[in-house]
Amino acid sequence: MSSQVRGGTRWKRFAVVMVPSLAATAAIGVGLAQGALAASFAISGQEFKVTTDKLEGTEFVQYGSVDQGKDLEGKPFAAPVAVSGFDTAKITNMCQSVVTPVLGLGDITLRLEAGKAAAKSGADADKVQAKDIYLDVSYLDADAEFKRIDIGVAAGGLPKYDGGQGIQPNTKANPNGFAQRADEVVLTNVKQKAWATTAATFKLPDLKLSLHRGTEKECFQD
């Protein structure tokens with residue numbers, strides 16, 4: 001399942017949800033009781049999809065938490081998430097999509113693309129770049145390679161270096177809960193579902209946004 005590769009660990013078909021599905025209901029209850037909110041804002045009632053050819057990140061951290069918001073009917077809900085944080089991230093060929101039901105029109109897919117030229121050029125200037133980025137993820141499927149990884153760290157002990165990445169500022173999580181961290185990570189062939197993304201800076205070269213009827217233009221199909 002894993003092997004040592006150039007001082008790191010490679011995981012094929014890395015698929016992570018930090019809160020197992022069988023424990024999801026209990027996790028939501030515990031998370032709310034602890035005030036464990038991953039995003040620093042009330043999330044929308046729409047999960048979105050993301051694909052990338054490659055994500056190169058530094059100071060990777062991941063821990064479990066709970067997002068809270070209201071669905072499209074205005075009913076409160078909570079969702080267990082794996083919060084993935086990076087000090088820096090460089091992303092090649094990113095696609096993001098979300099589907100919204102519109103009265104009289106049916107499903108409308110909003111599709112956003114950026115960093116596509118980097119797939120050919122490989123140049124950092126063509127990549128999507130982010131600083132202090134956190135992703136509230138419900139599903140992730142990718143090939144992953146980690147360098148200097150620690151698995152089973154208590155979430156409260158995540159900052160490996162002074163001033164490094166830890167629990168997202170202005171949010172809460174159980175400091176004794178399961179977490180992992182790595183100095184560097186490369187994710188390839190990424191498919192992801194998420195509830196929220198926050199970043200200190202987010203640069204998107206060659207940004208394209210489009211609207212499409214139906215769901216055929218989602219970044220990937222379930």
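User: What makes the charged end of Lys49 count as sitting over the ring of Phe220?

Analyst: The charged end of Lys49 is 4.9 Å from the centre of the Phe220 ring. A charge sits over a ring if NZ of Lys or CZ of Arg is within 6 Å of the ring centre and within 35 degrees of the ring normal. This is a predicted model, in which local features need pLDDT of at least 70, side-chain atom pairs count only at pLDDT 80 or more, and totals for chains, interfaces and linings use all residues. Residues are numbered from 1 along each chain as its sequence is written, and side-chain values use heavy atoms, leaving out hydrogens and water.

User: Why is Trp195 called buried?

Analyst: Its relative accessible area is 15%. Buried means under 20%, exposed over 50% and partly exposed in between, with a 1.4 Å probe and protein chains only, so Trp195 is buried.

User: Why is the pair of Phe77 and Trp195 called tilted?

Analyst: The ring centres are 5.2 Å apart, with 45° between the planes. Rings of Phe, Tyr and Trp (its six-membered ring) pair if their centres lie within 6.5 Å; planes under 30 degrees apart are stacked, over 60 edge-to-face, and the rest tilted, so 45° counts as tilted. Phe77 lies in strand β4 and Trp195 in strand β7, 118 residues apart; strands are DSSP runs of E, at least two residues, numbered from the N terminus.

User: Which residues do ring pairs link into a cluster?

Analyst: Trp11, Phe60, Phe86 and Phe146.

User: What does Phe14 touch beyond four places away in sequence?

Analyst: Its contacts (heavy atoms within 4.5 Å) include Gln62, Leu140, Phe146 and Leu187.

Definitions and conventions. Helices (H or I, at least four residues) and strands (E, at least two) are DSSP runs, numbered from the N terminus.
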